[in-house]
Amino acid sequence: NQLKEWGVGEGSLLIVHSSYDSLQCTGLSPQAIIDELLKLVGATGTLAMPVIRTYRESPTAEERLKKGAKPPVCRYHVKRTPVSTGLIPAMMLRNPNAVISKFPLNPLCAIGPLSEAMMEHNLEGECPSAHGPSSCWKFCFDHNALVCSIGTDLRHHNTMGHVAEEAFGDWFWSDEEWFEHRKFVIEVPGDETIEKEVKERKPKWGMLHQADLNRYYDFLNNGVLKSKKIGNVLVEFEESQKLISFLQSKNKNGYPYFE
């Protein structure tokens with residue numbers, strides 16, 4: 001009902017961040033929660049969830065921060081690589097109607113009329129990035145996706161915000177300062193294996209140089225983000241285009257990052 005009040009309904013493109021640990025109190029299984037969300041957006045709507053992966057080949061955070069460190073080649077199996085974003089998106093990944101991004105970093109999984117088009121161009125370009133012009137996240141921004149978190153927050157889990165950094169070619173820092181290159185072997189069930197080099201934000205920006213809490217309160221104070229506690233469950237909500245417009249208005253100093 002709260003999501004309906006905030007504007008989610010038939011035909012919506014809805015991105016959901018979630019924590020099942022917090023949602024067990026509803027008495028609903030992960031699949032039942034997915035079913036409720038699909039019912040909310042209806043047959044003409046599209047439901048998407050981040051299915052961020054864990055790669056056993058990846059170095060630790062400390063290793064990645066070392067100067068000159070080069071990440072190893074990682075293997076991304078679109079269906080089988082473990083999901084780190086929780087039980088609900090991991091369950092959605094198994095749905096036979098789910099379409100999954102072939103891009104190995106911050107991929108989305110979606111069900112609904114927009115799902116195929118959302119993922120169609122994700123690997124295009126010589127060295128694309130997870131939130132760049134051809135990404136599933138930029139597609140969702142173009143369609144003014146509604147973004148919500150249920151049982152978690154949009155302070156730490158606001159992936160949509162990276163579109164402002166990567167999709168428009170006007171970011172405060174240069175590509176050399178901002179990105180590192182990573183190599184992946186991408187396995188798609190029933191399709192060819194793809195070798196792809198992609199760009200990823202250098203780890204120092206997220207680990208050391210982001211004013212995370214300040215940004216969160218700026219979103220709340222400027223009406224970009226709506227937040228409500230229902231019982232013990234935190235629910236938060238934003239419109240993607242309003243979010244990116246706010247971030248771009250502060251782009252002249254690389255907000256919310258600092259050197």
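1. Basis. This is a predicted model: local features need pLDDT of at least 70, side-chain atom pairs count only at pLDDT 80 or more, and totals for chains, interfaces and linings use all residues. Residues are numbered from 1 along each chain as its sequence is written, and side-chain values use heavy atoms, with hydrogens and water left out.

2. Cysteines. The count of disulfides (pairs of cysteine sulfur atoms within 2.5 Å) is zero. For Cys74, the nearest cysteine sulfur belongs to Cys127, 14 Å away. Cys74 is buried at 1% relative accessibility, and Cys148 is buried at 0%. Buried means under 20% relative accessible area, exposed over 50%, with a 1.4 Å probe and protein chains only.

3. Ser134. This residue sits in the loop between helix 6 (115-119) and helix 7 (136-142). Helices are DSSP runs of H or I, at least four residues, and strands are runs of E, at least two, numbered from the N terminus. The Ser134 side chain reaches the backbone oxygen of Glu124 at 3.5 Å.

4. Helix 11. In this helix (residues 212-221), Asp212, Arg215, Tyr216 and Phe219 are buried. Seen down the helix axis, the buried residues fall within an arc of 100° (taken from the directions from the axis to the C-beta atoms), so they line one face. Exposed Asn214 and Asn221 are on the face turned away from the buried side.

5. After helix 11. Gly223 follows helix 11, with a positive phi near 75°.

Key:
A polar contact is a pair of N or O atoms within 3.5 Å; within protein, one must be able to donate a hydrogen and the other to accept it, and residues adjacent in sequence count only if both atoms are side-chain atoms.
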